[in-house]
Amino acid sequence: LSFLECSWRFCGRFKALWMKAALPDFKIRELTENPIGGRIIAAFFPPEKERLDFPSFVRILAHFRPIGKNRSRDRAQPEQANSRTGKLKFAFELYDQDRDGKISREELLQVLRAMLGLQVTEEQLRSIAERAIQEADLDGDGAISFDEFKKSLEKVDMEHKMNIRFLK
Amino acid sequence: MTACVTLKPHTKGKGTIRRSEPQFDMGDVIYFCRKGVESIIDDEVTKSFSAQELESWNLLTRSIRRFPHRGLRLTLLWGLGVLIRYGILLPLRVILAVTGIFLFVILSTSVGFLPNSKLRFFLGEKVHLMGYRFCVKSLTAFITYHNSENRPKNGSICVANHTTPLDVIILANDRCYSLVGQVHRGLLGLIQRAMVKSSPHIWFERAEVKDRHLVAKRLCDHAADKTKQPILIFPEGTCVNNTSVMMFKKGSFEIGCTIFPVAIKYDFRFGDAYWNSSKFGLVHHLLRIMSSWALVCSVWYLPPMNREEGEDAVQFAKRVKAALAAQAGLADLTWDGGLKRTKVKDAFKEEQQRLYSEILLKVHQTQKQEKCFEDETPEGD
């Protein structure tokens, strides 16, 4: 499918994300029921920017394209958005909101709280977070860096989990 | 929802009891992330509230987002179409409509002066039908009624899916209904008052609408009288774009009388009938319809349904909705039509959170149980 066809279809969807100020008042209803809906929308906007332009929108969506077969010319190109590293980076940034390159205990707690809401107690939440950090933190600094994150997910099949087939 | 929590088995000494630990995987967030982006790319609700997309162009610029520059011939054809629609069709239709409404108001008021008798009722119905037929001609609507043997009978409630306020005219063209709605001001208010004079309708003051019991009572009283015309209700509560049917509000299904479902399906190739009330007002909408090619639709009368033993209003509403959607070939959605204007309730988000926590905690529970079991039957070395 040509780029024009893609942009045609995406234009409509794109309008729904237009203003970051619309965050508390989601126009996409199914996104409102997603526990981390706010973070996903925030991930589309580069930091400090209030408006999203179409190329940036497409760039983010590119993270979800299936990983292509290895071609010799791919190795010459820098890390693509839909490579395994690119996908992991996107997931990492969902946790790391302040973009300091590390997932702190507090940031992890925030995500857990969003995903579990009031269904678990504070102690259970903390214990789950503690355990996760202990498992992943290899250098013992109490936070999870991108490499540690990659390591902890090395067995996860990113190719299938973070894959959306757009445009049938 | 598929579980994405990983379990790590490890054996303890010589024993073969497997202790599994709930491990929150950092990758769990990916599941929600993917679902979120999938909703961004395409979701059911927004699709139902925006106008339908056509596969091939019907020479109306409003049906597509961008004018397709495909050559001189197409542009000429389109120009010709514009001339015909705005130069010939629109003025004719407007004249017809104005004449029709004018005649209707006068005749209806005059019939209202007759003493309360069978004659008044009879004439009232005729006047109403005349008014509606005028309107239908003015819109050049081509309506096909299917299964007329199931046409709603007196003393019942008729429910239909809602796409445009003109649904009323489409249905009332065939037989008279009692309408339910808010009292308006201006031209619409004038028409409402004229209608009431010759035929019983249920118009509510704005303040009364909030009082559900009052509404229900008036509907009940009307429906209980078996000689009165059937009440026409649109349980979705708002206009939907005719590709799907949204949640039916249970109010009209609680009353307990026979329900006659009616399915309406418009043919969009001749003109889009959906009223997107957030985009344009009623007059603009009417002008759009009148400047389209035509209004072609099919109406299916479904067999009457009654509430069964042990079924509550919500289940009954779902059953009716499913039958209606199946007949007209529309998608049966469970989303509330009110979402057009309001936010989703937090309950939906909490449901997702609950499902996820259950998966995490159930594993926790299993671990605790295994631990207890272990304590009771200690392993020997």
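Author: Contact here means heavy atoms within 4.5 Å, and helices (DSSP runs of H or I, at least four residues) and strands (runs of E, at least two) are numbered from the N terminus. This is a predicted model, in which local features need pLDDT of at least 70 and side-chain atom pairs pLDDT 80 or more, while totals for chains, interfaces and linings use all residues. Residues are numbered from 1 along each chain, chains are lettered from A and ligands numbered from 1 as written, and side-chain values use heavy atoms, without hydrogens or water.

The part to look at is the place where helix α6 of chain A, residues 84-95, packs against helix α1 of chain B, residues 28-41. Their axes (lines fitted to C-alpha atoms over the stretch in contact, with angles from 0 to 180 degrees between N-to-C directions) come within 10 Å and cross at roughly 100°. That angle makes α6(A) roughly perpendicular to α1(B), a label used from 65 to 115 degrees, whereas under 35 is roughly parallel, over 145 roughly antiparallel and the rest oblique.

In α3(B) the residues L90(B), R93(B), V94(B) and A97(B) take part, and they meet L287(B), I289(B) and M290(B) in α9(B). The classes in this contact are 6 nonpolar, no polar and 1 charged.

Turning to the records, an unreviewed UniProt entry lists residues 94-114 of chain B as "transmembrane region" (such annotations may be inferred rather than shown by experiment). In the model that span is 90% helix and 0% strand, and its end C-alpha atoms lie 31 Å apart. For chain A, an unreviewed entry lists "domain: EF-hand" at residues 83-118 and 124-159. The span 83-118 is 67% helix and 6% strand, with its end C-alpha atoms 36 Å apart, while residues 124-159 are 61% helix and 6% strand, with ends 31 Å apart.

Around these parts, chain A has 10 helices and 2 strands, running from the N terminus as α-α-α-α-α-α-β-α-α-β-α-α. Of its 168 residues 45% count as buried, that is, under 20% relative accessible area with a 1.4 Å probe and protein chains only. Helix α3 of chain A, residues 37-44, has 6 of its 8 residues buried, so it is largely enclosed by the rest of the structure; the buried residues are G37(A), R39(A), I40(A), I41(A), A43(A) and F44(A). Chain B comes to 11 helices and 11 strands, and 45% of its 381 residues count as buried. Among its contacts with a separation of 6 or more, 74% join residues 24 or more positions apart.

Note on methods. Ala, Val, Leu, Ile, Met, Phe, Trp, Tyr, Cys and Pro count as nonpolar, Asp, Glu, Lys and Arg as charged, and the others, Gly among them, as polar. Buried means under 20% relative accessible area, exposed over 50%, partly exposed in between (1.4 Å probe, protein chains only).
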